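Subject: Structure handover

Hello,

Here is the structure I promised you.

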Amino acid sequence: MPQTYFLASREFDTFIQDVRDTCMLQSHHQAYHTLRAVLHTFRSHLTTADALRFADILPAVTRAIFVEDWRPSDVPLPFPDREALVREMKSVRKDHNLAPQTAIEDVAAALRRSSIYERELDRVLRNLPEGAAAFWA
C-alpha cells in the first residue's frame with residue numbers, strides 16, 4: 001500500500017488543524033468547510049484537465065475534497081479579482097461557512113506547509129490559467 005494512502009488520515013488531521021489555527025476557527029468542522037469552500041472556488045475556474053492536473057499534486061484526503069460534488073464545466077469563468085473570489089468562497093455552503101476574509105490566503109499558507117511539494121505546486125500553477133498562481137500566493 002502506498003504511504004500516501006496509509007498515512008492519509010494522519011496527514012489530513014495535521015493539515016486540518018493547521019487550517020483551523022491559521023484561520024482562527026473554533027473547530028475541525030469549521031476548518032473542513034473553509035477548506036472545502038476554498039478548494040471548490042479554485043476548482044470552479046479551471047477546465048477539467050487543469051483541475052485534474054492540480055488534483056494530482058494534492059494529498060489524498062485533500063484531493064478527495066477537491067473533487068467532491070464536482071460537475072465539470074467545459075468553459076470555466078476566468079479568475080476574477082480577490083474580492084470576487086472571497087465572495088464566491090463565502091457563498092459555498094453559506095449556512096455552514098464561517099471562513100474569515102483571509103481564508104484563501106490562510107488555506108494557501110497551510111497547504112504550502114503541509115505534505116505537498118511546493119516546487120510541484122508552483123510548477124503546476126505556472127501551467128494553469130492566469131490568476132491560478134495568485135490564488136495560492
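Glu 105 forms a salt bridge with Arg 82, with 3.5 Å between the closest N and O atoms. A salt bridge here is a side-chain nitrogen of Lys or Arg within 4 Å of a carboxyl oxygen of Asp or Glu. This pair links distant parts of the chain: Glu 105 sits in helix α7 and Arg 82 in helix α6, 23 residues apart. Helices are DSSP runs (H or I, at least four residues), numbered from the N terminus. Glu 105 counts as partly exposed, at 31% relative accessibility. Arg 82 is also partly exposed, at 27%. On this scale, buried means under 20% relative accessible area, exposed means over 50%, and partly exposed is in between (1.4 Å probe, protein chains only).

Before you go on, note that this is a predicted model: local features need pLDDT of at least 70, side-chain atom pairs count only at pLDDT 80 or more, and totals for chains, interfaces and linings use all residues. Residues are numbered from 1 along each chain as its sequence is written, and side-chain values use heavy atoms, leaving out hydrogens and water.

Side chains of opposite charge can pair when their charged atoms come close. How many salt bridges does a search of the whole structure find? It finds 10. One lies inside helix α6: Glu 83 and Arg 87 are four residues apart, about one turn of the helix. Their closest N and O atoms are 4.0 Å apart. Both residues are exposed.

Asp 122 and Arg 112 meet in another salt bridge, at 2.9 Å from N to O. Asp 122 is in helix α8 and Arg 112 in helix α7, 10 residues apart, and the pair links distant parts of the chain. Asp 122 is partly exposed, with a relative accessible area of 29%. Elsewhere, salt bridges that share partners join Arg 36, Glu 68 and Asp 69 into one network.

Helix α6

Look again at α6, residues 82–91. At its start, a side-chain oxygen of Asp 81 reaches to within 3.3 Å of the backbone nitrogen of Glu 83. That is a polar contact (N or O atoms within 3.5 Å; within protein, one must be able to donate a hydrogen and the other to accept it, and residues adjacent in sequence count only if both atoms are side-chain atoms). The buried residues of α6 are Ala 84, Leu 85, Val 86 and Met 89. They pack against α3, α7 and α9. Contact means heavy atoms within 4.5 Å. Just after α6, Arg 93 takes a positive phi of about 45°, although Arg 93 is not a glycine.

The core

Nonpolar side chains tend to be buried together in soluble globular proteins. The largest nonpolar core here has 41 residues. Such a core is a set of buried Ala, Val, Leu, Ile, Met, Phe, Trp, Tyr and Cys residues joined through side-chain atoms within 4.5 Å. Which residues have the most contacts inside it? They are Phe 42, Phe 54, Phe 66 and Trp 136.

The whole structure holds nine aromatic pairs. Rings of Phe, Tyr and Trp (its six-membered ring) pair if their centres lie within 6.5 Å; planes under 30 degrees apart are stacked, over 60 edge-to-face, and the rest tilted. Phe 42 and Phe 79 form a tilted pair, 5.5 Å centre to centre, with 40° between the planes. Phe 42 lies in helix α3 and Phe 79 in the loop between α5 and α6, so the pair ties together parts 37 residues apart in sequence. Both Phe 42 and Phe 79 are buried.

Phe 54 and Phe 66 are tilted too: their ring centres are 5.2 Å apart and their planes at 55°. Phe 54 is in helix α4 and Phe 66 in helix α5. Phe 54 is buried at 0% relative accessibility, and Phe 66 is buried at 0% as well. Ring pairs link Phe 42, Phe 54, Phe 66, Phe 79, Phe 135 and Trp 136 into a cluster.

A buried arginine

One last stop is Arg 43, in helix α3. Arg 43 is buried yet has no salt bridge. The nearest side chain of opposite charge, Glu 68, is 6.8 Å away. Lys and Arg count as positive and Asp and Glu as negative; His and the chain ends are not counted. The backbone oxygen of Glu 68, though, lies 3.0 Å from a polar atom of the Arg 43 side chain.

Best wishes

Key. Helix = DSSP H or I, 4+ residues; strand = E, 2+ residues; numbered from the N terminus.
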